[in-house]
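Student: Can we go through this structure together? I'd like to start with the loops and then move to the ligands.

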Amino acid sequence: MSATPPAPVPRHIAIIMDGNGRWAQQRGWPRIKGHEAGAESVQAVVRACRDAGVEYLTLYAFSVENWRRPREEISGLMRLLEHFLDRNEDELHENEIRLRVIGRLADLPKLIQRRLAKTSAATADYHRGNLILALSYGGRAELVDAMRGIAGKVAAGELKPDAIDEATVAAHLYAPDVPDPDLMVRTSGELRLSNFLLWQLSYAEWYVTDVLWPDFREADLHAAIDAYGRRKRRYGAVS
Ligand code: IPE
Ligand code: IPE
Ligand code: MG
């Protein structure tokens, strides 16, 4: 009997971590408690991805639209982000995981910007894994920023409009060297993209679970990876 090949593990998983507020609400707790529990899920999922051999993990942590939330919730989330970096920096070094950030970072509090820049620089040479945090991120904002970059080159005479192709656009995104996600996970059952990675997700497989983000742990990640392993990716062709 020949051995069956191992199910393919996605090289890049992107997650819309949703449902923190509802998780807290179900318990009669303030929303920030849900975000705190969600930070535990982040830690668990980063470890599970490392163990499963997932090379890139992108986490949607704060969208451009999330600035519309109450001021106390926003400052609570920023505090949690700082706390998360404090608690996990050693582990990033131990596991040689590179931290990267995508989004309109200039909108974040200065202290957070500095902290993110410091940890990103300190882990920049690692290649065993990549943790990409989407912060003040919007898919449309990213495309607008890319178009500004491209238009600037055209205006400077460095690029001809006819020479612009998909590779040109991809090269002007926030993390141009990162391969497109193979698998997109959304927790809490919502069936929408909420302005996440509009360009990069064009051929990703989707996995939506009703599990709320604070309850999403290693076993849930494995269920998503297993489901991915059973998909047939056709990219428009016949197979
Ligand atoms: C996701 O959980 C976390 C962020 C968007 C920062 P939510 O806060 O959106 O939780 P729900 O969707 O209100 O339950
Ligand atoms: C998407 O969740 C953004 C993040 C997970 C950071 P939201 O809860 O903000 O999205 P909507 O409002 O349900 O679309
Ligand atoms: Mg939500």
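Tutor: First a definition: helices (H or I, at least four residues) and strands (E, at least two) are DSSP runs, numbered from the N terminus. This is a predicted model, in which local features need pLDDT of at least 70, side-chain atom pairs count only at pLDDT 80 or more, and totals for chains, interfaces and linings use all residues. Residues are numbered from 1 along each chain as its sequence is written, chains are lettered from A and ligands numbered from 1 in the order in which they are written, and side-chain values use heavy atoms, with hydrogens and water left out.

Student: Ok. Where does Ser188 lie?

Tutor: Ser188 is in the loop between strand S5 (183–186) and strand S6 (205–208). Its phi is positive, about 70°, although Ser188 is not a glycine. Most residues other than glycine have a negative phi.

Student: Is Ser188 buried or exposed?

Tutor: Ser188 is buried, because its relative accessible area is 8% and buried means under 20%, exposed over 50%, partly exposed in between (1.4 Å probe, protein chains only).

Student: What about Asn195, what is its phi?

Tutor: Near 65°, a positive value in a residue other than glycine. Asn195 is also in the loop between S5 and S6, and at 16% relative accessibility Asn195 counts as buried.

Student: Ligands now. Which residues are around ligand 2?

Tutor: Counting residues with a heavy atom within 4 Å, they are Ile16, Met17, Asp18, Tyr60, Ala61, Phe62, Ser63, Asn66, Arg69, Arg186, Arg192 and Ser194. As for polar contacts (pairs of N or O atoms within 3.5 Å; within protein, one must be able to donate a hydrogen and the other to accept it, and residues adjacent in sequence count only if both atoms are side-chain atoms), a polar side-chain atom of Ser194 is 2.6 Å from an oxygen atom of ligand 2. For Asn66, a polar side-chain atom lies 2.9 Å from a ligand 2 oxygen atom. An N or O atom in the side chain of Arg186 is 3.5 Å from an oxygen atom of ligand 2.

Student: How much of ligand 2 does the protein bury?

Tutor: Taken alone, ligand 2 exposes 390 Å², and the protein buries 79% of that. Accessible areas come from the Shrake-Rupley method with a 1.4 Å probe; for residues, only the protein chains shown count as cover.

Student: And ligand 1, what surrounds it?

Tutor: The residues around ligand 1 include Met17, Asp18, Asn20, Gly21, Arg22, His35 and Arg69. A polar side-chain atom of Asp18 is 2.8 Å from an oxygen atom of ligand 1. Polar backbone atoms also approach ligand 1 oxygen atoms, at 3.1 Å for Asn20 and 2.9 Å for Gly21. Ligand 1 taken alone exposes 380 Å², of which the protein buries 86%.
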